[in-house]
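Work through the exercises below with the model open beside you. Each task is followed by a stepwise solution.

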Amino acid sequence: MAKAVAERGEKKVMVAIDESESSYYALMWVLDNLKESISKFPLIIFMAQPITMYNYPFSASLGSVRMYYPVAATPDFVYSAQENHRKVAMAFLEKAKDICATRGIKAEMVTEVGDPKTAICNAVQKLNINLLVLGDRGLGKIKRALIGSVSNYCIKNANCPVLVVKKP
């Protein structure tokens with residue numbers, strides 16, 4: 001199917017955003033620099049929703065010692081947290097879609113629950129994306145080693161070219 005898309009000249013571009021300023025800079029960069037490429041087909045704007053934790057650690061003080069107990073969340077709490085994550089993601093996506101509309105670009109919003117690294121790569125494959133654009137958060141070497149880099153993961157694992165836009 002990817003070959004058929006390429007033969008028709010359809011170029012799907014996806015911008016993955018989060019709440020950071022660098023992701024919105026990447027969106028603006030795409031709108032400013034790839035306008036000709038994205039004017040014929042909708043721009044895909046993607047945001048990952050965090051996974052809701054089912055167990056939360058609870059600490060109980062026993063003098064100078066603390067004991068930690070995993071406490072299972074109630075189904076109502078889990079549903080409420082998931083719904084809140086969905087609303088927040090949709091609000092960010094709506095804001096990005098409005099920015100695109102002011103520039104005359106049609107955009108489609110996509111969101112999935114999961115770790116951002118894998119959710120982005122899964123969406124790239126599922127939607128047959130031709131170009132993935134990400135913002136660079138500018139993490140230092142130590143933070144990048146400790147928490148990992150979404151952009152590095154996507155560069156290695158996405159099934160399309162990846163453009164990482166660094167804010168000056």
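**Exercise 1. Which residue of E2 stands opposite Val15?**

Solution. The model is predicted.
- In E2, Ile45 stands opposite Val15.
- E1 and E2 are joined by three bridges, in the parallel sense.
- Val15 also has a residue opposite in E6, namely Val133.
- E1 (residues 13-16) and E6 (residues 131-136) pair in the parallel sense, again over three bridges.
- Val13 has Leu131 as its bridge partner in E6.

**Exercise 2. Are the two faces of E1 covered or open?**

Solution. Take the general rule, then the residues.
- On one side of E1 lie Val13 and Val15.

**Exercise 3. Give the strand order of the open sheet and find its edges.**

Solution. Place the strands, then look at the ends.
- The sheet has five strands in the order E5-E2-E1-E6-E7, with parallel pairing.
- E5 (107-113) and E7 (162-166) are the edge strands, each pairing on one side only.
- Neighbouring strands are turned by 25 degrees against each other on average, direction ignored.

**Exercise 4. Describe how H2 packs against H4.**

Solution. Start from the axes, then go to the residues.
- The axes of H2 (residues 21-33) and H4 are 11 Å apart, at an angle of about 25 degrees.
- Angles under 35 degrees count as roughly parallel, so H2 and H4 are roughly parallel to each other.
- The crossing of H2 past H4 is right-handed.
- H2 contributes Tyr24, Leu27, Met28 and Leu31, which meet Phe92, Lys95, Ala96, Ile99 and Cys100 in H4.
- By class, this contact has eight nonpolar residues, no polar ones and one charged residue.

**Exercise 5. Is Asn128 buried or partly exposed?**

Solution. Locate the residue, then apply the cut-off.
- Asn128 sits in the loop between H5 and E6.
- Its phi is near 55 degrees, a positive value in a residue other than glycine.
- Buried means under 20% relative accessible area. Asn128 has 23% relative accessibility, so Asn128 counts as partly exposed.

Methods: Residues are numbered from 1 along each chain as its sequence is written. This is a predicted model: local features need pLDDT of at least 70, side-chain atom pairs count only at pLDDT 80 or more; totals for chains, interfaces and linings use all residues. Side-chain values use heavy atoms; hydrogens and water are left out. Two strands pair if DSSP finds at least two bridges between them. Helices (H or I, at least four residues) and strands (E, at least two) are DSSP runs, numbered from the N terminus. Axes are lines fitted to C-alpha atoms, for helices over the stretch in contact, and angles run from 0 to 180 degrees between N-to-C directions. Angles under 35 degrees count as roughly parallel, over 145 as roughly antiparallel, 65 to 115 as roughly perpendicular and the rest as oblique. A crossing is left-handed if the near helix is turned anticlockwise from the far one by less than a right angle, and right-handed if clockwise. Contact means heavy atoms within 4.5 Å. Ala, Val, Leu, Ile, Met, Phe, Trp, Tyr, Cys and Pro count as nonpolar, Asp, Glu, Lys and Arg as charged, and the others, Gly among them, as polar. Buried means under 20% relative accessible area, exposed over 50%, partly exposed in between (1.4 Å probe, protein chains only).
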